[in-house]
Amino acid sequence: MSDSFTISDEQRDYSTFGLSGNPFPYSPVPDDEPLVYCGQEDVTDRISETVSSVLSTGKSKHLVVTGKYGNGKSHTLKYTRSLVRDREDVLVGYVAQPGDGFLDIYHEFVYDIGFDRMQELSYEFLAEVARTETDRNPMGASSMKSLIDDGEVLLSDLVPTAVQRLSDVTKFADFARAIVHLIYEDTNLYAWQWLTAEGLRYEQRKEMEIHSAIDDDTSAVRAFTALKNMLLELGYTGVFMFVDEFERIAQLSPKDEQATLNSIRHLMDQNGNGLCILFGCAPEVWQDVMSEYHAFSERIGQEVALQPLTEEKVHTLVEGYLNLVRENGSEGIEPFTEEGLQVVLQRSQGNIRQILSICSRVLDDAVDDHHSGQIGEELVIGTLEEM
Amino acid sequence: MLFRQQALETPHGDLQTPVLFPVSNIGKRSSDNTPEYTESVPDLSTAMVNARAIRNRDPQWERFEDGTPLREEMGVSEDTVVFADSGGFDFQDETVDTTPAKTLETQQQIDADIYGTVDVPLSRDNRQAENQRRISESIDLALEASRRHNGDEVLLGSVHGYDPETVRNSIQHLEREGDFDGYAIGSLVPIRTDYEKVTKIILAARRATDKHLHVYGLGGLTYQPLLLYLGVDSFDSSAFIRSAGNRNYLIPGFGGEPLKNVEELSHLPCACPVCSTRTFKAVRNDRDLLVQHNVWALALELRRFRYMAAADEDLEAYLDLRFAGNEVTKRAYRLAKQQVRRLT
Ligand SMILES: [Zn+2]
C-alpha cells in the first residue's frame, strides 16, 4: 500500500474490528505492486498460458485484456508485471498509455526500465565480451564493474569489441554506442537521453559518435528491436511490454491511429522471438481495431475479457485485502457481513474499482462513528448515501 | 585539498615535489635554445628531454655514445634531475618508430633519472575506436618497459584517456600488471581549453594512485596552480621558450603579454635577476633574456604557492585571488574546486 495511507492509520483506530488499518486503497489507481489480486480464472489462465508459452518456447506471443473501466485491467496488467518482473531472464516494462504513437510507447517503456537497469545491461554486455575476449569470467554487471574498477581488464580493449559486436547483433551502430556509453560518467546521461528518445544536441551526439536520433515510430521500432536482440544475445528469454489504456488510440486522428497500429504490427513482425506484449484495452475500441485493421488484429488473435465480479469473487477480493491487516484470529469477510457485501456488490455492479472504494469508505465511517462488531447492510447504505 | 609535498628519490638526488620540469629542446633541430637556468634558479634543477629526438639526431647521439654526458651537452649542472619522456607526442600523426627496449636504452645512455614509457597520444579528432586502440597500445608498451626496466631510475607509466573511467582503469591495470614508480598523464594538450574535462581526468588519476603523478605538457602559468591544487606531483612546460619566441613576457596571474604592446617603460615589473637589473629595452630586445625571465616567472609561481602552503595560508582563498582576474581560468578553478570538494 502506498505511504500516504499511514497518516490516516494513525488517526483512526481500527482495532475494534481486529484490523491494524484500512487495507482498501483510497486512490482509484492500482498499486504498482498489487498485493491482492482477485483473478478471474479464464483471464489468469489465458495470461499464464501466453506468458508461459513465451518463456518456454521463446516464440513471441501477445494478448489483449479487455474490460470496461474499473473492471481491473490495470490491476491485472500490474499484477502480472509484478509476477514476471521477479524472473531474472526477462526484461519487463510498463507503459501507462500509448500516447501519440509508438515513439511514445518506446519512450515510456525504456523510461520504466530505468537508467540503473539499462546501465546494468551495458555492463552485462561488456561482461559477455570479457568472457570471450579475456581470460576473466565475470558473471554479471557488478562483477564486470569491479573488474574494470580494479583494472583487471582494460576498458580500451573491451569497448571497441563491445561496440562492434553489439552493432552486429543489433544492426544499429548508434544504439550500440549509446549502450556502451552508459558506463562512462561523462556521457551516460547523454546516452540515456538518446536511448529514451528525448533528443540530443549535435555536439552531445558527436561526443559519442552517434549520428542519428530516435525521433519517429520507425526508429523507435528499430531501437526497441535492437534492445530485444541485445537481450537475447545476453541469454535472456525475452522482453515483456505491458501497454495499458490502449483505448486511447481512438482519440488519435485516424492517420495517427493507423500509423501507431502499423508500427506495432511492424514490431511484432520483426520480433518473432522473445517478445510478449500485453495490452489493456476497452472492449469497444478493441472491437473497432479488430474490424478495421485486420493486419494488426491477426497478429493478436488472442483476447480475453474481464467481467464484472460475481458475489463469490467479491468475497475473495474483500477477504484478500482484509487478510493484509488482520490482528486477531478473525477470518473470512469479517467485520463485513454477507448482507453488507451484497449491498456493495449491487451498488458497484461488480466493478472492482468501485467495490474497493466503497469498502474503504464504509470501514472509515464505521470507525469514525465508533461502531464495533460487524459492518452490516445498514451501515453500508448509510455510507453510500453520503458518497 | 589535494595539494601535497613529497620527496622523490632519483639517481641524482632526492627531488622535492611538486616540481616543474622545464622542457629542454636538446635534440630538436630548433633555432630556440634553452638557456642555462639550473644554476640561476636554485630550486629548478630539473629538465625534461625528449629521448626520441636525442636518439634521432645523429652527430649528437654519437657524442653521447662516445661518453659525452648529457648534462654537459645541455650546459646544466651535474646534479640536475633529468626526466626523459619517450617523445610520444611526435607520434600524433605518425606511427611509432621506436620500441620500449630502444627507448629504455636511450634513457639509460643519457643518464636520465625519470623515464617516461613509450606512448601513442590521442587526438580529439580521432575516431573513438582509434583512440581506444592507442590507449591499449600505450598500456602494452608501458608494461613491456616495466618488464625490461630494473634499475634505480624512476619509471612512470604513460597513461592516456579522454574520460575518467578510462584513466582510472588504465592506472589500476598498470598497477596490477606492472611495476611503476608513478604515472604520467598524456594527451591533455589538445583538450587543454576544456578545463572541466582535464580536471576530471587528472582527479580520476589522482584518486587511482598515491604514487607520483606527472602531467605532460600543461605546466604553463595558467595550469600550474590548478595542477598543484589537484595534487599533481610534477609537470613540464615549454611555454617559456614558445612565449619568448613570440616576444611574450610571462607574468604570474596575468599570463603572457606581447612586449610589442608595451610602450615607454624604463623597467619591467619583475624582481627576477633578469628584469631587476636591466632596462625594459634590454630585455625586450634579447630573446635569451626573455626566455630566462619566463623560466623565472614559472619558478616564482611555484615558489609563491609553496610559500602559501608553508605559511599555512588558506590555499583555496589564495587561488580565488589568483584566478580572479581572468574569467576563463576563474571558471576552470571553480569547476576544479567543486570537483575536489565533492571528493573530500
Ligand atoms: Zn623577470
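Reply: One definition comes first: Ala, Val, Leu, Ile, Met, Phe, Trp, Tyr, Cys and Pro count as nonpolar, Asp, Glu, Lys and Arg as charged, and the others, Gly among them, as polar. This is a predicted model, in which local features need pLDDT of at least 70, side-chain atom pairs count only at pLDDT 80 or more, and totals for chains, interfaces and linings use all residues. Residues are numbered from 1 along each chain as its sequence is written, chains are lettered from A and ligands numbered from 1 in the order in which they are written, and side-chain values use heavy atoms, with hydrogens and water left out.

Me: By class, what residues does the lining of the largest cavity have?

Reply: A cavity is a set of points, on a 1 Å grid over the protein atoms alone, where a 1.4 Å probe fits but cannot get out, and lining residues have an atom within 4 Å of a point. Glu311(A), Val314(A), His315(A), Glu338(A), Leu341(A), Gln342(A) and Leu345(A) make up this lining. Sorted by class, they are three nonpolar, two polar and two charged residues.

Me: Which helix gives the largest share of the lining of the largest cavity?

Reply: Helices are DSSP runs (H or I, at least four residues), numbered from the N terminus. Helix H15 (311–323) and helix H16 (338–348) of chain A each supply at least two lining residues. The largest share, four residues, belongs to H16(A).

Me: How many residues of chain B are in contact with chain A?

Reply: Contact means heavy atoms within 4.5 Å. On the chain A side, 22 residues take part. On the chain B side, the number is 21.

Me: Which element gives the most to the side of chain B that touches chain A?

Reply: Helix H5 (128–148), helix H6 (164–177) and helix H7 (195–208) of chain B each give two or more residues to that side. With ten residues, the element that gives the most is H6(B).

Me: Which residue meets Lys61(A) in a salt bridge?

Reply: The N to O distance in this pair is 3.7 Å. Lys61(A) is in the loop between helix H2 (41–57) and strand E1 (63–66) of chain A, and its partner, twelve residues apart, is in helix H2 of chain A. That partner is Glu49(A).

Note on methods:
1 Å grid on protein atoms, 1.4 Å probe; cavity = no way out; pocket = protein on both sides within 12 Å on 5 of 7 lines; lining within 4 Å. Salt bridge = Lys/Arg side-chain N within 4 Å of Asp/Glu carboxyl O.
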